[in-house]
Amino acid sequence: MNFWEKIKNPILILAPMDGVTDTVFRQIVTFVGKPDVFFTEFVAVDALFSEGKEKALQVLKFTEKERPVVAQIWGTDPEKFYRTAKLIEKLGFDGIDINMGCPDKSAVKKGACSALIGNPKLALEIIEATIKGAKGLPVSVKTRIGFRKIVTEDWMETLLQTQIVALTVHLRTASEMSKPPAHWEEMAKIVKLRNKINPKILIIGNGDIKSAEEAEKKCKKYGIEGVMIGRGILENVYLFNENVNPESITPQDKIKLLIKHLELFNDTYQGDKPFEMMKKFVKCYVNNFKGAVGVRERLMKTKSLNELIDVSKKLPVVESHHE
Ligand SMILES: Cc1cc2nc3c(=O)[nH]c(=O)nc-3n(C[C@H](O)[C@H](O)[C@H](O)COP(=O)(O)O)c2cc1C
């Protein structure tokens, strides 16, 4: 039995976000409120077999605490998907996800990610090659409802005829990026098709969900098995912990979590990853309290990870609280 078959519905998943959901952030999220499944940031199958291999392998770091954890991959060459799937299986991941939704120009130009919506033949070859290399590890796909225009039925019909175990649909076209509201109404069509073509495939909805409660409502409303949440976690890191009321989290708690995150980042990469990526988390932790703007400005001026940690530890808001 693969892990997807063991999880109870509704399945709540932290969405893969490049530059955000690395092993460090996933460990922090595990600490404050764990989702049912984690995905890695996407990794290029090309990169895993090139000189830049080390960086790609860094993205595939994970700890036991994060299980079940799915490695997400992208590219165009079925042979490389086959080899990558073998590698991911060897690394001990719980599943493999193929990215067929990213709208980034550089990926689309190569014919990868969301461009595969317009190339069903290659998309099917990639799925087949990945399943072959995965040696029984469950393979899933994350996609959108179209490239320029909405083609939900045609595209889902293609994907639902494969042996994938789960299908995550971000309910926007690639051209829409993340701007207009997600077209949740399209979900009814997807579920109807799934029930007809391949009832075993789990359907995961994605787009604009900000709380576990909202996710559960969507699952009930559309008869889907799960929901994936991305940007919502940056507004509330405790989002997957239904026992925590975000209003009850003190500035103290937030700063402490920031420090924990910074120290874990330091221990994990030991200078091998630019510390600037940590600055986007400053906004995520230092918000919604009196004086947050000033604190943020102070932290954003720091020039190194050590300085950022140091200044965070000396913040008056931290020092004023004694346990
Ligand atoms: C900073 C950022 C990075 C992202 N990187 C990835 C990625 O690596 N792979 C992927 O499938 N989607 C990626 N996405 C898309 C998200 O997984 C998700 O589909 C999208 O944000 C919509 O969900 P949301 O409204 O809950 O944020 C990224 C989104 C953001 C904001």
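This is a predicted model: local features need pLDDT of at least 70, side-chain atom pairs count only at pLDDT 80 or more; totals for chains, interfaces and linings use all residues.
1. Helix 2 covers residues 23-32 and helix 11 covers residues 251-269. Their packing angle is about 140 degrees, and their axes lie 9 Å apart. The label follows from the angle, because roughly antiparallel is kept for angles over 145 degrees.

2. As for the sense of the crossing, helix 2 passes helix 11 in a right-handed way. On the helix 2 side, the contact is made by Thr23, Val24, Gln27, Ile28 and Val32. Helix 11 brings Leu257, Lys260, His261, Leu264, Phe265 and Thr268 to the contact. Sorted by class, the residues of this contact are six nonpolar, four polar and one charged.

3. Now please turn to helix 4 (residues 78-91) and helix 6 (residues 120-134), which pack at an angle of about 30 degrees. The axes of helix 4 and helix 6 are 7 Å apart. This pair counts as roughly parallel, because the term applies to angles under 35 degrees. The crossing of helix 4 past helix 6 is right-handed.

4. You can trace this second contact residue by residue. Helix 4 supplies Pro78, Glu79, Phe81, Tyr82, Arg83, Ala85, Lys86 and Glu89. They meet Glu125, Ile126, Ala129, Thr130, Lys132, Gly133 and Ala134 of helix 6. The contact of helix 4 with helix 6 is made up of seven nonpolar, six charged and two polar residues.

5. In an unreviewed entry, UniProt places the feature "active site" at Cys102. Cys102 sits in the loop that runs between strand 4 (95-100) and helix 5 (105-109).

6. Is Cys102 buried or exposed? Cys102 is buried, since 23 other C-beta atoms lie within 10 Å and the cut-off for buried is 20 or more. Leaving aside residues up to four places away in sequence, Cys102 touches Phe42, Trp74, Ala107, Cys113 and Ser114.

7. Finally, here is a wider view of the chain. The unreviewed UniProt entry lists residues 13-308 for "domain: DUS-like FMN-binding".

Notes
Residues are numbered from 1 along each chain as its sequence is written. Axes are lines fitted to C-alpha atoms, for helices over the stretch in contact, and angles run from 0 to 180 degrees between N-to-C directions. Helices (H or I, at least four residues) and strands (E, at least two) are DSSP runs, numbered from the N terminus. Angles under 35 degrees count as roughly parallel, over 145 as roughly antiparallel, 65 to 115 as roughly perpendicular and the rest as oblique. A crossing is left-handed if the near helix is turned anticlockwise from the far one by less than a right angle, and right-handed if clockwise. Two residues are in contact if their C-beta atoms, placed from the backbone, lie within 7 Å. Ala, Val, Leu, Ile, Met, Phe, Trp, Tyr, Cys and Pro count as nonpolar, Asp, Glu, Lys and Arg as charged, and the others, Gly among them, as polar. UniProt positions are given in the numbering used here, feature names are shortened, and annotations may be inferred rather than shown by experiment. A residue is buried if 20 or more other C-beta atoms lie within 10 Å of its own, exposed if 12 or fewer, and partly exposed in between; C-beta atoms are placed from the backbone.
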